[in-house]
Amino acid sequence: MLTIGCHLSSSKGYLAMGKAAAQINANTFQFFTRNPRGGNAKAIVPSDVEQYLAFAAEHGIDRILAHAPYTLNACSADEKLRDFACRTMADDLQRMEYTPGNCYNFHPGSHVGQGLEAGIAYISGMLNEILRPEQRTTVLLETMVGKGSEVGSRFEELREILDRVTLTDHMGVCLDTCHVWDGGYDIVRQLDEVVAEFDRVIGLSRLKAIHLNDSLNPLGARKDRHAKIGEGHIGKEALIRVVNHPALRELPFYLETPNELDGYAAEIALMRENYR
Ligand code: FE
Ligand code: FE
Ligand code: ZN
């Protein structure tokens, strides 16, 4: 069965997200661990988590994906901001232990003119500081479009970060279809080649999740503007091929398209109908 869901608001807790997912025929979902612009996280309510886990087991929801605030920059030039990213992510990973066995995705960051090498060193350094041998969460690097000085738009950059992390078993990658397309990987005409390139450079065993988005912009535009499925330059047919690709089809897929719940329900139904 296809594992697919969408990004949901976490403001009402885990059980509310589980119920929203079930309502739209999703069997997974993504959520922000706290306000996406940063700030304090609401305390985890153990009874909410407990009720959620029972609900999830009953409704076949598993492998949920947490997303770090996108304003964090682990490779900022400002030490205070690097420190903030480090403390926030360490705190998030502790909270993730309430729901063991899931993934935590983050944007590697922007090196803001310090250069790729410095950026990669800061990002892997932070990971070496926060990862714990006993943790049960896998931390994912998200593929980025490469706008400005974003790190992670080339598979080689992600590989370099992974190579420098000591507790490498706790690391993986989340591939965002809009981001790789905007970054210049032609998943419309050359999906097999892009998947083979990912395997050659990073290794498919590292791939743990897919963000399933269309893009408002053409190949290589480096803009990062998500579109609804079929309303962008990637298109419905190409995204159906992504979901059915033999190397990808067992992964969990997350829609981050500009939709409300009913729009997500329709996109989930579309992908389920076309899953072979
Ligand atoms: Fe993201
Ligand atoms: Fe994404
Ligand atoms: Zn994006």
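Me: Are aspartate 176 and histidine 211 buried or exposed?
Reply: Aspartate 176 is buried, and histidine 211 is buried too. Keep in mind that this is a predicted model.

Me: Ok, and which protein donors does the iron ion (ligand 2) have?
Reply: Glu142 (OE), Asp176 (OD), His211 (ND1) and Glu256 (OE), at 2.0 to 2.2 Å from the iron ion (ligand 2). Along the chain, their spacing reads E-x33-D-x34-H-x44-E. Aspartate 176 sits in strand S6 (residues 171-176) and histidine 211 in strand S7 (residues 207-212), so the pair, 35 residues apart, links distant parts of the chain.

Me: Why is the arrangement around that iron ion (ligand 2) irregular?
Reply: Because the angles subtended by the four donor atoms run from 84 to 172°. Tetrahedral would need all angles between 85 and 135 degrees.

Me: What does glutamate 142 bridge?
Reply: Glutamate 142 bridges the iron ion (ligand 2) and the iron ion (ligand 1), and these two ions are 3.3 Å apart.

Me: Switching to zinc: what are the protein donors there?
Reply: The zinc ion (ligand 3) has His179 (NE2), Asp224 (OD) and His226 (NE2), lying 2.0 to 2.2 Å away. Their spacing is H-x44-D-x1-H.

Me: How far apart are the zinc ion (ligand 3) and the iron ion (ligand 1)?
Reply: They're 5.3 Å apart.

Me: Why does aspartate 224 count as buried?
Reply: Its relative accessible area is 19%, and the cut-off for buried is under 20%. Histidine 226, at 21%, is partly exposed.

Key: Residues are numbered from 1 along each chain as its sequence is written. Chains are lettered from A and ligands numbered from 1 in the order in which they are written. This is a predicted model: local features need pLDDT of at least 70, side-chain atom pairs count only at pLDDT 80 or more; totals for chains, interfaces and linings use all residues. Side-chain values use heavy atoms; hydrogens and water are left out. Donors are N, O and S atoms within 2.8 Å of the metal (3.2 Å for Na, K and Ca); water is not among the atoms, so sites may look incomplete. Four donors count as tetrahedral if all angles lie between 85 and 135 degrees; four count as square planar and six as octahedral if opposite donors are over 155 degrees apart and all others between 65 and 115; anything else is irregular. Helices (H or I, at least four residues) and strands (E, at least two) are DSSP runs, numbered from the N terminus. Buried means under 20% relative accessible area, exposed over 50%, partly exposed in between (1.4 Å probe, protein chains only).
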